[in-house]
Amino acid sequence: MKTIKILTIMFFGLFCGKKATAQPTEALQPQSFYALQAETLNGKPFDFASLKGKKVLVVNTASKCGFTKQYGDLQKLYEEYGGNNFTIIGFPANDFMRQEPGSNDEIANFCQINFGVTFQMMAKIHVKGDSISPVYQWLTAKALNSAMDSEVKWNFQKYMIDENGKLVGIAYSKEKPNSNRIVEWIKTGKLEEK
């Protein structure tokens, strides 16, 4: 009787142990950057398949941040290099010190009035946490992007996607959008390690 009790405890212990360590969600599968979709600031769907053949700089933005002036640098970069081979996508997010409190309409007005932004701005999202957007899930999870794991550390972190939809690098907030490293990548496709 004692042996049966011990075996029963062991069985339930193993069963419970496996259950406790099981992943709560399905295993992530790699996916294409071009399979992603998002919503623009004015509420229209945006299909990332339209970006095929372009280098893309994806940036999380905020209107009340020490790096907010980078909107101006991003706009200059877009004016100089944007077109058939390169573009910029901005994702407003309120995930760091509540530095993007505005609505989508307020963000659009802020960007236009203060920086004349003409590059594509998306609807406000989350770039971290339980409500992280699918775009930022892809950018930060190697299991999805097949390149690297990362985390968004602050506003104006920049992700570089090559013309084939591959994640090739990150520029953190302190690196300006028009840094030599980013400009060289746009012009030649070569990305210097940082």
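Author: Angles between axes are classed as roughly parallel under 35 degrees, roughly antiparallel over 145, roughly perpendicular from 65 to 115, and oblique for the rest. The axes are lines fitted to C-alpha atoms, for helices over the stretch in contact, and the angles run from 0 to 180 degrees between N-to-C directions. The model is a predicted one, in which local features need pLDDT of at least 70 and side-chain atom pairs count only at pLDDT 80 or more, while totals for chains, interfaces and linings use all residues. Residues are numbered from 1 along each chain as its sequence is written, and side-chain values use heavy atoms, with hydrogens and water left out.

Helix α2 (residues 70-81) packs against helix α3 (residues 104-115) at an angle of about 75°, the axes lying 10 Å apart. The two helices are therefore roughly perpendicular to each other. In α2, the residues Y71, G72 and Q75 meet I107, F110, C111 and F115 of α3, contact meaning heavy atoms within 4.5 Å. By class, the residues of this contact are five nonpolar, two polar and no charged; Ala, Val, Leu, Ile, Met, Phe, Trp, Tyr, Cys and Pro count as nonpolar, Asp, Glu, Lys and Arg as charged, and the others, Gly among them, as polar.

Of its 194 residues, 43% count as buried, that is, under 20% relative accessible area, with exposed over 50% and partly exposed in between (1.4 Å probe, protein chains only).

The interior includes nonpolar cores, each a set of buried Ala, Val, Leu, Ile, Met, Phe, Trp, Tyr and Cys residues joined through side-chain atoms within 4.5 Å. In the largest, of 28 residues, F33, F48, V58, F91, Y136 and L139 touch the most other members. Elements giving two or more residues to this core are β3 (55-61), β4 (86-92), α4 (134-140), β6 (158-161) and β7 (167-171), and α4 gives the most, with four. A second, separate core of 20 residues includes F86, I107, F119 and M160.
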